[in-house]
Amino acid sequence: MTDAHMQGPFIAAIDQGTTSSRCIVFDRDGRIVSVDQKEHEQIFPKPGWVEHDAKEIWTNVQEVVAGAVEKAGITAADVKAIGITNQRETTLMWDKNTGEPVYNAIVWQDTRTDALCKELGRNVGQDRFRRETGLPLASYFSGPKVRWLLDNVEGLRERAEAGDILFGTMDSWVIWNLTGGAEGGVHVTDVTNASRTMLMNLRKLEWDDRILSSMEIPAAVLPEIRSSAEVYGTAKGGALAGVPVASALGDQQAALFGQTCFDQGEAKSTYGTGTFMLMNTGDEPVQSYNGLLTTVGYRIGDQKPVYALEGSIAVTGSLVQWMRDQMGLIKSAAEIETLASSVEDNGGAYFVPAFSGLFAPYWRSDARGVIAGLTRYVTKAHIARAVLEATAWQTREITDAMTKDSGVELTALKVDGGMTSNNLLMQTLSDFLDAPVVRPMVAETTCLGAAYAAGLAVGFWPDTDALRANWRRAAEWTPRMDADTRDREYKSWLKAVERTMGWIEDEE
(Lines give C-alpha, C1' and ligand atoms only; values in the text may rest on other atoms or scores of the structure.)
Protein backbone atom coordinates (compact mmCIF):
# COMPACT_ATOMS: atom_id res chain seq x y z
CA MET A 1 0.00 0.00 0.00
CA THR A 2 1.29 3.47 -0.82
CA ASP A 3 0.98 6.30 1.69
CA ALA A 4 -1.52 8.03 -0.61
CA HIS A 5 -3.97 5.18 0.05
CA MET A 6 -3.53 5.39 3.77
CA GLN A 7 -5.15 8.75 4.38
CA GLY A 8 -7.41 8.14 7.37
CA PRO A 9 -9.80 8.16 8.97
CA PHE A 10 -11.26 4.70 8.47
CA ILE A 11 -14.27 2.51 9.25
CA ALA A 12 -13.89 -1.10 10.42
CA ALA A 13 -16.48 -3.77 9.64
CA ILE A 14 -16.74 -7.09 11.42
CA ASP A 15 -18.46 -9.85 9.45
CA GLN A 16 -19.31 -12.80 11.68
CA GLY A 17 -20.24 -15.29 8.98
CA THR A 18 -21.37 -18.90 8.80
CA THR A 19 -17.96 -20.39 8.05
CA SER A 20 -15.59 -17.64 9.17
CA SER A 21 -15.26 -14.29 10.88
CA ARG A 22 -13.44 -11.40 9.31
CA CYS A 23 -12.65 -7.78 9.73
CA ILE A 24 -12.20 -5.32 6.87
CA VAL A 25 -10.92 -1.76 7.19
CA PHE A 26 -12.36 0.67 4.61
CA ASP A 27 -11.32 4.19 3.63
CA ARG A 28 -13.58 7.12 2.76
CA ASP A 29 -13.85 5.97 -0.88
CA GLY A 30 -15.22 2.62 0.28
CA ARG A 31 -11.99 0.91 -0.73
CA ILE A 32 -10.51 -2.01 1.19
CA VAL A 33 -7.41 -1.07 3.18
CA SER A 34 -6.90 -4.42 4.92
CA VAL A 35 -8.62 -7.74 5.62
CA ASP A 36 -8.14 -10.48 8.16
CA GLN A 37 -10.19 -13.67 8.28
CA LYS A 38 -10.40 -16.85 10.32
CA GLU A 39 -12.56 -19.97 9.88
CA HIS A 40 -14.33 -21.67 12.77
CA GLU A 41 -15.38 -25.27 13.27
CA GLN A 42 -18.66 -26.59 11.86
CA ILE A 43 -20.12 -29.00 14.39
CA PHE A 44 -22.52 -31.72 13.17
CA PRO A 45 -23.72 -33.71 16.23
CA LYS A 46 -26.50 -35.53 14.28
CA PRO A 47 -27.86 -35.49 10.72
CA GLY A 48 -29.57 -32.14 10.14
CA TRP A 49 -27.96 -30.56 13.24
CA VAL A 50 -25.43 -27.75 12.76
CA GLU A 51 -23.70 -25.90 15.60
CA HIS A 52 -20.93 -23.37 16.26
CA ASP A 53 -18.86 -22.78 19.37
CA ALA A 54 -19.68 -19.16 20.26
CA LYS A 55 -16.56 -18.75 22.42
CA GLU A 56 -14.35 -19.87 19.55
CA ILE A 57 -16.15 -17.32 17.35
CA TRP A 58 -15.63 -14.48 19.84
CA THR A 59 -11.91 -15.36 20.11
CA ASN A 60 -11.67 -15.35 16.31
CA VAL A 61 -13.45 -11.99 16.08
CA GLN A 62 -10.92 -10.43 18.47
CA GLU A 63 -8.05 -11.93 16.46
CA VAL A 64 -9.28 -10.74 13.06
CA VAL A 65 -9.95 -7.23 14.39
CA ALA A 66 -6.39 -7.06 15.75
CA GLY A 67 -5.09 -8.58 12.50
CA ALA A 68 -6.86 -6.12 10.21
CA VAL A 69 -5.79 -3.12 12.29
CA GLU A 70 -2.20 -4.34 12.31
CA LYS A 71 -2.14 -5.06 8.56
CA ALA A 72 -3.50 -1.58 7.87
CA GLY A 73 -0.73 -0.09 10.03
CA ILE A 74 -3.20 2.07 11.93
CA THR A 75 -4.41 2.53 15.50
CA ALA A 76 -7.85 2.72 17.11
CA ALA A 77 -7.55 6.52 16.92
CA ASP A 78 -7.73 6.32 13.09
CA VAL A 79 -11.01 4.36 13.17
CA LYS A 80 -14.21 6.38 13.45
CA ALA A 81 -16.70 3.52 13.90
CA ILE A 82 -17.17 -0.23 13.91
CA GLY A 83 -19.97 -1.85 11.90
CA ILE A 84 -21.26 -5.37 12.52
CA THR A 85 -22.78 -7.82 10.07
CA ASN A 86 -23.57 -11.42 10.84
CA GLN A 87 -24.88 -14.81 9.80
CA ARG A 88 -28.56 -14.46 10.51
CA GLU A 89 -30.92 -16.63 12.60
CA THR A 90 -28.04 -18.48 14.27
CA THR A 91 -29.19 -18.62 17.87
CA LEU A 92 -27.28 -18.37 21.13
CA MET A 93 -28.20 -18.16 24.78
CA TRP A 94 -25.66 -17.24 27.42
CA ASP A 95 -25.32 -16.40 31.12
CA LYS A 96 -25.26 -12.63 31.51
CA ASN A 97 -23.23 -12.82 34.73
CA THR A 98 -20.41 -15.01 33.41
CA GLY A 99 -20.66 -14.59 29.63
CA GLU A 100 -20.69 -18.39 29.29
CA PRO A 101 -22.86 -19.82 26.48
CA VAL A 102 -25.34 -22.38 27.86
CA TYR A 103 -25.06 -24.48 24.69
CA ASN A 104 -23.42 -24.23 21.26
CA ALA A 105 -24.94 -21.70 18.87
CA ILE A 106 -27.64 -23.40 16.77
CA VAL A 107 -26.94 -22.45 13.15
CA TRP A 108 -29.56 -21.19 10.69
CA GLN A 109 -29.15 -24.36 8.58
CA ASP A 110 -30.05 -26.59 11.54
CA THR A 111 -33.31 -28.55 11.13
CA ARG A 112 -33.81 -29.96 14.67
CA THR A 113 -36.85 -27.71 15.21
CA ASP A 114 -38.83 -29.25 12.31
CA ALA A 115 -41.23 -31.17 14.54
CA LEU A 116 -41.58 -28.23 16.92
CA CYS A 117 -42.49 -25.94 14.01
CA LYS A 118 -45.21 -28.36 12.92
CA GLU A 119 -46.51 -28.44 16.49
CA LEU A 120 -46.45 -24.62 16.73
CA GLY A 121 -48.43 -24.43 13.48
CA ARG A 122 -51.30 -26.12 15.33
CA ASN A 123 -54.30 -26.28 13.02
CA VAL A 124 -53.19 -23.18 11.09
CA GLY A 125 -49.93 -24.48 9.65
CA GLN A 126 -46.92 -22.60 8.29
CA ASP A 127 -48.67 -19.24 8.12
CA ARG A 128 -49.64 -19.02 11.79
CA PHE A 129 -47.38 -16.03 12.54
CA ARG A 130 -46.89 -14.80 8.99
CA ARG A 131 -49.10 -11.71 9.16
CA GLU A 132 -47.19 -10.32 12.14
CA THR A 133 -43.68 -11.46 11.21
CA GLY A 134 -43.60 -11.85 7.41
CA LEU A 135 -42.16 -15.34 7.90
CA PRO A 136 -43.45 -18.89 7.48
CA LEU A 137 -43.02 -21.30 10.40
CA ALA A 138 -39.76 -23.00 9.43
CA SER A 139 -36.78 -24.47 11.24
CA TYR A 140 -34.67 -21.70 9.70
CA PHE A 141 -35.72 -18.93 12.13
CA SER A 142 -34.47 -18.17 15.64
CA GLY A 143 -37.65 -18.23 17.76
CA PRO A 144 -38.24 -22.00 17.62
CA LYS A 145 -34.49 -22.54 18.23
CA VAL A 146 -34.80 -20.53 21.48
CA ARG A 147 -37.77 -22.65 22.50
CA TRP A 148 -35.77 -25.82 21.73
CA LEU A 149 -32.95 -24.65 24.03
CA LEU A 150 -35.39 -23.75 26.83
CA ASP A 151 -36.97 -27.21 26.52
CA ASN A 152 -33.75 -29.22 26.21
CA VAL A 153 -30.99 -27.59 28.26
CA GLU A 154 -31.24 -28.71 31.89
CA GLY A 155 -32.46 -25.92 34.18
CA LEU A 156 -32.33 -23.27 31.46
CA ARG A 157 -35.98 -22.21 31.61
CA GLU A 158 -35.74 -21.43 35.33
CA ARG A 159 -32.53 -19.42 34.83
CA ALA A 160 -34.11 -17.57 31.88
CA GLU A 161 -37.22 -16.67 33.86
CA ALA A 162 -35.02 -15.49 36.75
CA GLY A 163 -33.40 -12.98 34.34
CA ASP A 164 -29.92 -14.55 34.26
CA ILE A 165 -29.94 -15.61 30.61
CA LEU A 166 -29.59 -13.55 27.44
CA PHE A 167 -30.64 -14.63 23.95
CA GLY A 168 -29.10 -13.17 20.84
CA THR A 169 -28.27 -13.72 17.23
CA MET A 170 -24.54 -13.35 16.49
CA ASP A 171 -24.73 -9.55 16.13
CA SER A 172 -25.94 -9.35 19.75
CA TRP A 173 -23.23 -11.74 20.99
CA VAL A 174 -20.48 -9.76 19.24
CA ILE A 175 -21.80 -6.35 20.36
CA TRP A 176 -22.34 -7.52 23.96
CA ASN A 177 -18.78 -8.83 24.14
CA LEU A 178 -17.28 -5.82 22.31
CA THR A 179 -18.94 -3.36 24.68
CA GLY A 180 -17.81 -5.07 27.88
CA GLY A 181 -19.52 -8.45 28.15
CA ALA A 182 -20.40 -9.35 31.76
CA GLU A 183 -18.91 -5.97 32.75
CA GLY A 184 -21.73 -3.84 31.33
CA GLY A 185 -22.00 -5.12 27.76
CA VAL A 186 -24.90 -3.66 25.74
CA HIS A 187 -27.63 -6.20 24.92
CA VAL A 188 -29.12 -5.03 21.62
CA THR A 189 -30.05 -6.25 18.17
CA ASP A 190 -31.09 -4.30 15.09
CA VAL A 191 -34.39 -4.37 13.21
CA THR A 192 -33.01 -6.57 10.41
CA ASN A 193 -31.81 -9.33 12.73
CA ALA A 194 -34.90 -9.01 14.92
CA SER A 195 -37.08 -9.47 11.83
CA ARG A 196 -35.59 -12.98 11.41
CA THR A 197 -36.46 -14.29 14.87
CA MET A 198 -40.21 -14.78 14.18
CA LEU A 199 -40.72 -12.88 17.42
CA MET A 200 -40.90 -9.30 16.12
CA ASN A 201 -43.94 -7.48 14.79
CA LEU A 202 -42.88 -6.21 11.35
CA ARG A 203 -44.97 -3.05 11.41
CA LYS A 204 -44.35 -1.97 15.00
CA LEU A 205 -40.72 -3.15 15.06
CA GLU A 206 -41.30 -4.43 18.60
CA TRP A 207 -41.27 -7.89 20.16
CA ASP A 208 -44.72 -9.45 19.82
CA ASP A 209 -46.12 -10.51 23.23
CA ARG A 210 -48.70 -12.86 21.74
CA ILE A 211 -46.05 -14.79 19.79
CA LEU A 212 -43.72 -14.87 22.79
CA SER A 213 -46.44 -16.50 24.87
CA SER A 214 -47.36 -18.93 22.04
CA MET A 215 -43.71 -19.98 21.79
CA GLU A 216 -43.28 -19.90 25.59
CA ILE A 217 -40.27 -17.59 25.47
CA PRO A 218 -39.72 -15.26 28.47
CA ALA A 219 -39.32 -11.61 27.40
CA ALA A 220 -36.46 -11.21 29.90
CA VAL A 221 -34.02 -12.95 27.55
CA LEU A 222 -34.60 -10.62 24.59
CA PRO A 223 -32.26 -7.85 23.42
CA GLU A 224 -33.47 -4.30 22.84
CA ILE A 225 -34.39 -3.64 19.19
CA ARG A 226 -32.55 -0.67 17.69
CA SER A 227 -32.07 0.79 14.20
CA SER A 228 -29.36 -0.56 11.87
CA ALA A 229 -27.29 2.64 11.96
CA GLU A 230 -26.77 4.28 15.35
CA VAL A 231 -24.17 4.20 18.12
CA TYR A 232 -24.99 1.29 20.45
CA GLY A 233 -21.96 1.66 22.69
CA THR A 234 -18.17 1.79 22.71
CA ALA A 235 -15.64 -1.00 22.28
CA LYS A 236 -14.15 -1.68 25.70
CA GLY A 237 -11.01 -3.67 24.99
CA GLY A 238 -8.88 -5.05 22.20
CA ALA A 239 -7.41 -3.38 19.14
CA LEU A 240 -10.32 -0.95 18.70
CA ALA A 241 -10.92 0.05 22.34
CA GLY A 242 -12.75 3.38 22.53
CA VAL A 243 -14.25 3.20 19.03
CA PRO A 244 -18.07 3.52 18.75
CA VAL A 245 -19.98 0.40 17.69
CA ALA A 246 -22.40 2.01 15.26
CA SER A 247 -24.17 -0.46 12.98
CA ALA A 248 -25.65 -3.92 12.85
CA LEU A 249 -27.23 -5.57 9.83
CA GLY A 250 -27.94 -9.22 9.08
CA ASP A 251 -25.51 -10.22 6.33
CA GLN A 252 -28.03 -10.19 3.48
CA GLN A 253 -29.46 -6.83 4.44
CA ALA A 254 -25.91 -5.52 4.77
CA ALA A 255 -25.26 -6.63 1.20
CA LEU A 256 -28.45 -4.89 0.01
CA PHE A 257 -27.14 -1.74 1.71
CA GLY A 258 -23.60 -2.21 0.40
CA GLN A 259 -24.97 -2.63 -3.14
CA THR A 260 -26.72 0.72 -2.59
CA CYS A 261 -30.16 -0.71 -3.40
CA PHE A 262 -31.83 2.32 -1.83
CA ASP A 263 -34.72 2.56 -4.32
CA GLN A 264 -37.84 0.47 -4.56
CA GLY A 265 -37.37 -2.38 -7.06
CA GLU A 266 -33.57 -2.53 -6.77
CA ALA A 267 -32.33 -6.06 -6.05
CA LYS A 268 -29.15 -7.88 -5.15
CA SER A 269 -28.19 -11.53 -4.89
CA THR A 270 -25.38 -12.80 -2.68
CA TYR A 271 -23.75 -16.09 -3.66
CA GLY A 272 -22.14 -17.65 -0.59
CA THR A 273 -22.79 -20.84 1.39
CA GLY A 274 -26.43 -20.32 0.47
CA THR A 275 -27.79 -17.66 -1.85
CA PHE A 276 -29.98 -14.78 -0.83
CA MET A 277 -31.78 -12.41 -3.09
CA LEU A 278 -33.38 -9.26 -1.70
CA MET A 279 -35.49 -6.63 -3.39
CA ASN A 280 -36.14 -3.22 -1.83
CA THR A 281 -39.92 -2.74 -1.60
CA GLY A 282 -39.90 0.73 0.00
CA ASP A 283 -41.42 1.74 3.32
CA GLU A 284 -44.35 -0.68 3.25
CA PRO A 285 -43.96 -4.42 3.90
CA VAL A 286 -45.22 -6.48 0.92
CA GLN A 287 -46.90 -9.75 1.93
CA SER A 288 -45.68 -12.65 -0.17
CA TYR A 289 -48.07 -15.18 -1.69
CA ASN A 290 -45.26 -16.90 -3.59
CA GLY A 291 -43.04 -18.33 -0.90
CA LEU A 292 -40.81 -15.33 -0.23
CA LEU A 293 -40.06 -13.74 3.12
CA THR A 294 -41.04 -10.22 4.06
CA THR A 295 -38.19 -8.70 6.01
CA VAL A 296 -36.75 -5.39 7.18
CA GLY A 297 -34.19 -4.17 4.63
CA TYR A 298 -32.61 -1.57 6.92
CA ARG A 299 -33.39 1.38 9.12
CA ILE A 300 -31.11 4.40 9.40
CA GLY A 301 -31.40 6.07 12.81
CA ASP A 302 -34.91 7.42 13.32
CA GLN A 303 -35.80 7.45 9.62
CA LYS A 304 -38.62 5.23 8.36
CA PRO A 305 -37.72 1.57 8.05
CA VAL A 306 -37.21 0.20 4.53
CA TYR A 307 -38.65 -3.26 3.82
CA ALA A 308 -37.58 -5.99 1.41
CA LEU A 309 -38.77 -9.23 -0.13
CA GLU A 310 -36.27 -12.03 0.20
CA GLY A 311 -35.78 -15.36 -1.47
CA SER A 312 -33.33 -17.73 0.14
CA ILE A 313 -31.68 -20.79 -1.37
CA ALA A 314 -30.20 -23.17 1.20
CA VAL A 315 -27.39 -24.68 -0.86
CA THR A 316 -25.26 -22.98 -3.54
CA GLY A 317 -21.60 -22.43 -2.60
CA SER A 318 -21.87 -25.31 -0.15
CA LEU A 319 -22.74 -27.58 -3.09
CA VAL A 320 -19.36 -26.74 -4.64
CA GLN A 321 -17.72 -27.47 -1.26
CA TRP A 322 -19.60 -30.77 -1.13
CA MET A 323 -18.31 -31.68 -4.61
CA ARG A 324 -14.80 -30.95 -3.31
CA ASP A 325 -14.88 -32.38 0.23
CA GLN A 326 -17.46 -35.18 0.20
CA MET A 327 -17.26 -36.33 -3.44
CA GLY A 328 -13.63 -35.50 -4.24
CA LEU A 329 -14.61 -34.54 -7.82
CA ILE A 330 -12.61 -31.30 -7.63
CA LYS A 331 -9.60 -30.26 -5.53
CA SER A 332 -10.46 -26.58 -5.19
CA ALA A 333 -13.66 -24.57 -5.53
CA ALA A 334 -12.24 -22.66 -8.52
CA GLU A 335 -11.79 -25.95 -10.42
CA ILE A 336 -15.55 -26.35 -10.86
CA GLU A 337 -15.56 -23.66 -13.54
CA THR A 338 -12.76 -25.29 -15.53
CA LEU A 339 -14.43 -28.68 -15.30
CA ALA A 340 -17.89 -27.33 -16.22
CA SER A 341 -16.47 -25.30 -19.12
CA SER A 342 -14.98 -28.45 -20.67
CA VAL A 343 -18.47 -29.45 -21.88
CA GLU A 344 -21.05 -27.58 -23.97
CA ASP A 345 -24.06 -28.33 -21.78
CA ASN A 346 -25.32 -30.40 -18.84
CA GLY A 347 -25.60 -33.63 -20.87
CA GLY A 348 -29.22 -33.93 -19.73
CA ALA A 349 -28.39 -33.94 -15.99
CA TYR A 350 -30.04 -31.71 -13.37
CA PHE A 351 -28.86 -31.44 -9.79
CA VAL A 352 -31.31 -30.17 -7.16
CA PRO A 353 -29.35 -29.82 -3.91
CA ALA A 354 -32.21 -30.07 -1.42
CA PHE A 355 -29.79 -31.32 1.25
CA SER A 356 -31.77 -29.79 4.11
CA GLY A 357 -35.08 -29.41 2.32
CA LEU A 358 -36.05 -26.69 -0.13
CA PHE A 359 -36.13 -23.02 0.86
CA ALA A 360 -37.90 -20.36 -1.26
CA PRO A 361 -40.30 -20.50 -2.93
CA TYR A 362 -41.29 -23.98 -1.67
CA TRP A 363 -40.37 -24.24 2.03
CA ARG A 364 -40.43 -28.04 1.98
CA SER A 365 -38.39 -29.63 4.75
CA ASP A 366 -39.40 -33.08 3.46
CA ALA A 367 -37.34 -32.66 0.27
CA ARG A 368 -33.86 -34.15 -0.22
CA GLY A 369 -31.32 -33.76 -3.00
CA VAL A 370 -31.54 -35.48 -6.37
CA ILE A 371 -29.53 -35.75 -9.55
CA ALA A 372 -32.04 -36.40 -12.32
CA GLY A 373 -31.70 -37.26 -15.99
CA LEU A 374 -28.65 -39.51 -15.56
CA THR A 375 -27.55 -41.65 -18.49
CA ARG A 376 -24.21 -43.36 -19.19
CA TYR A 377 -23.32 -40.36 -21.35
CA VAL A 378 -23.05 -38.09 -18.29
CA THR A 379 -19.53 -37.34 -17.05
CA LYS A 380 -18.31 -35.52 -13.98
CA ALA A 381 -17.95 -32.43 -16.18
CA HIS A 382 -21.69 -32.54 -16.91
CA ILE A 383 -22.39 -32.89 -13.19
CA ALA A 384 -20.12 -29.88 -12.52
CA ARG A 385 -22.14 -27.92 -15.05
CA ALA A 386 -25.41 -29.06 -13.45
CA VAL A 387 -24.04 -27.86 -10.10
CA LEU A 388 -23.56 -24.33 -11.46
CA GLU A 389 -26.88 -24.39 -13.27
CA ALA A 390 -28.61 -25.34 -10.01
CA THR A 391 -27.59 -21.99 -8.53
CA ALA A 392 -28.81 -20.10 -11.59
CA TRP A 393 -32.16 -21.91 -11.84
CA GLN A 394 -32.89 -21.43 -8.16
CA THR A 395 -32.23 -17.71 -8.63
CA ARG A 396 -34.64 -17.68 -11.57
CA GLU A 397 -37.40 -19.25 -9.45
CA ILE A 398 -37.00 -16.51 -6.84
CA THR A 399 -36.95 -13.73 -9.45
CA ASP A 400 -40.24 -15.04 -10.85
CA ALA A 401 -41.78 -15.06 -7.37
CA MET A 402 -40.61 -11.48 -6.66
CA THR A 403 -42.19 -10.21 -9.85
CA LYS A 404 -45.49 -11.91 -8.95
CA ASP A 405 -45.53 -10.49 -5.40
CA SER A 406 -44.32 -6.95 -6.03
CA GLY A 407 -45.44 -6.34 -9.59
CA VAL A 408 -41.92 -5.04 -10.27
CA GLU A 409 -39.92 -6.56 -13.16
CA LEU A 410 -36.24 -7.21 -12.55
CA THR A 411 -34.23 -4.80 -14.71
CA ALA A 412 -30.78 -5.92 -13.61
CA LEU A 413 -29.36 -8.04 -10.83
CA LYS A 414 -26.47 -6.78 -8.68
CA VAL A 415 -24.42 -9.72 -7.47
CA ASP A 416 -21.79 -10.32 -4.84
CA GLY A 417 -20.23 -13.08 -2.75
CA GLY A 418 -17.53 -15.65 -3.37
CA MET A 419 -19.19 -17.42 -6.29
CA THR A 420 -19.24 -14.26 -8.43
CA SER A 421 -15.62 -14.94 -9.37
CA ASN A 422 -17.04 -17.80 -11.48
CA ASN A 423 -17.57 -16.21 -14.90
CA LEU A 424 -19.38 -19.22 -16.34
CA LEU A 425 -21.89 -19.05 -13.49
CA MET A 426 -22.40 -15.30 -14.03
CA GLN A 427 -23.05 -15.81 -17.76
CA THR A 428 -25.43 -18.71 -17.00
CA LEU A 429 -27.31 -16.50 -14.53
CA SER A 430 -27.75 -13.77 -17.12
CA ASP A 431 -28.92 -16.37 -19.66
CA PHE A 432 -31.45 -17.99 -17.31
CA LEU A 433 -32.78 -14.65 -15.98
CA ASP A 434 -32.78 -12.98 -19.38
CA ALA A 435 -31.40 -9.87 -17.65
CA PRO A 436 -28.03 -8.20 -17.17
CA VAL A 437 -25.95 -9.33 -14.18
CA VAL A 438 -23.69 -6.69 -12.63
CA ARG A 439 -20.76 -7.19 -10.26
CA PRO A 440 -19.32 -4.22 -8.35
CA MET A 441 -15.63 -3.32 -7.85
CA VAL A 442 -15.76 -4.21 -4.17
CA ALA A 443 -17.18 -7.74 -4.09
CA GLU A 444 -17.22 -7.65 -0.27
CA THR A 445 -20.55 -5.86 -0.20
CA THR A 446 -21.66 -7.41 3.09
CA CYS A 447 -18.78 -5.80 4.98
CA LEU A 448 -19.13 -2.66 2.88
CA GLY A 449 -22.80 -2.35 3.87
CA ALA A 450 -21.96 -2.62 7.57
CA ALA A 451 -19.22 -0.01 7.09
CA TYR A 452 -21.57 2.30 5.16
CA ALA A 453 -24.23 2.11 7.89
CA ALA A 454 -21.70 2.70 10.68
CA GLY A 455 -20.18 5.60 8.73
CA LEU A 456 -23.62 7.19 8.29
CA ALA A 457 -24.29 6.85 12.02
CA VAL A 458 -21.19 8.87 12.94
CA GLY A 459 -21.31 11.36 10.04
CA PHE A 460 -18.32 9.82 8.23
CA TRP A 461 -20.50 9.86 5.11
CA PRO A 462 -23.23 12.53 4.93
CA ASP A 463 -26.09 10.56 3.31
CA THR A 464 -27.02 7.65 1.05
CA ASP A 465 -26.34 9.77 -2.07
CA ALA A 466 -22.69 9.93 -1.08
CA LEU A 467 -22.71 6.13 -0.82
CA ARG A 468 -24.26 5.73 -4.28
CA ALA A 469 -21.48 7.88 -5.72
CA ASN A 470 -19.04 5.38 -4.16
CA TRP A 471 -20.48 2.28 -5.86
CA ARG A 472 -18.52 1.23 -8.96
CA ARG A 473 -19.26 -1.45 -11.55
CA ALA A 474 -16.53 -3.98 -12.33
CA ALA A 475 -18.19 -6.38 -14.75
CA GLU A 476 -21.47 -7.00 -16.52
CA TRP A 477 -22.90 -10.05 -18.27
CA THR A 478 -25.77 -9.90 -20.78
CA PRO A 479 -28.05 -12.75 -21.94
CA ARG A 480 -26.90 -14.88 -24.90
CA MET A 481 -29.42 -17.73 -24.75
CA ASP A 482 -32.39 -18.06 -27.08
CA ALA A 483 -35.85 -18.12 -25.49
CA ASP A 484 -36.75 -21.63 -26.67
CA THR A 485 -33.69 -23.21 -25.08
CA ARG A 486 -34.26 -21.26 -21.87
CA ASP A 487 -37.89 -22.35 -21.59
CA ARG A 488 -37.12 -25.99 -22.37
CA GLU A 489 -34.29 -26.15 -19.82
CA TYR A 490 -36.39 -24.39 -17.16
CA LYS A 491 -39.14 -26.96 -17.65
CA SER A 492 -36.65 -29.80 -17.12
CA TRP A 493 -35.31 -28.08 -14.01
CA LEU A 494 -38.83 -27.78 -12.53
CA LYS A 495 -39.41 -31.48 -13.25
CA ALA A 496 -36.24 -32.32 -11.31
CA VAL A 497 -37.40 -30.14 -8.38
CA GLU A 498 -40.65 -32.13 -8.17
CA ARG A 499 -38.60 -35.32 -7.81
CA THR A 500 -37.05 -34.07 -4.52
CA MET A 501 -40.30 -33.67 -2.60
CA GLY A 502 -41.82 -36.05 -0.08
CA TRP A 503 -38.59 -38.02 0.42
CA ILE A 504 -38.78 -37.73 4.22
CA GLU A 505 -41.95 -39.27 5.63
CA ASP A 506 -43.63 -37.52 8.58
CA GLU A 507 -42.10 -39.03 11.69
CA GLU A 508 -45.34 -39.23 13.61
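## Ground rules

A residue is called buried when its relative accessible area is under 20%, exposed when that value is over 50%, and partly exposed in between, using a 1.4 Å probe and protein chains only. Please keep in mind that this is a predicted model, in which local features need pLDDT of at least 70 and side-chain atom pairs count only at pLDDT 80 or more, while totals for chains, interfaces and linings use all residues. Residues are numbered from 1 along each chain as its sequence is written, and side-chain values use heavy atoms, with hydrogens and water left out.

Let's start with one residue. Met-93 counts as buried because its relative accessibility is 1%. Met-93 sits in strand β6, residues 92-95; strands (E, at least two residues) and helices (H or I, at least four) are DSSP runs numbered from the N terminus.

Leaving aside neighbours within four places in sequence, Met-93 has contacts with residues including Pro-101, Tyr-103, Val-146, Leu-156, Phe-167 and Val-221, where contact means heavy atoms within 4.5 Å. Thr-169 is 76 residues away from Met-93 along the chain, yet their C-alpha atoms are separated by 8.8 Å.

## The nonpolar cores

A nonpolar core here is a set of buried Ala, Val, Leu, Ile, Met, Phe, Trp, Tyr and Cys residues joined through side-chain atoms within 4.5 Å. The largest one has 108 residues, and Met-93 and Tyr-140 have the most contacts inside it. Helix α12 (residues 380-406) gives the most to this core, with twelve residues. Another core lies apart from it, with 37 residues that include Val-33, Ala-72, Trp-94 and Ala-235.

## The cavities

Two cavities of 30 Å³ or more are found in the structure. A cavity is a set of points, on a 1 Å grid over the protein atoms alone, where a 1.4 Å probe fits but cannot get out; lining residues have an atom within 4 Å of a point. Points are joined across faces, edges and corners, and a volume is the space filled by probe spheres set on them.

The largest cavity holds about 120 Å³ of space. Its lining has 17 residues, with Ile-313, Leu-358, Phe-359, Ala-360 and Gln-394 nearest the centre. Strand β18 (306-313), α12 and α16 (483-498) each give two or more residues to that lining. The second largest cavity has a volume of about 60 Å³, and among the residues lining it are Asp-29, Pro-440, Tyr-452, Trp-471 and Arg-472.

Definitions and conventions: On a 1 Å grid over the protein atoms alone, a cavity is a set of points where a 1.4 Å probe fits but cannot get out, and a pocket is an open set with protein on both sides within 12 Å along at least five of seven lines; lining residues have an atom within 4 Å of a point.
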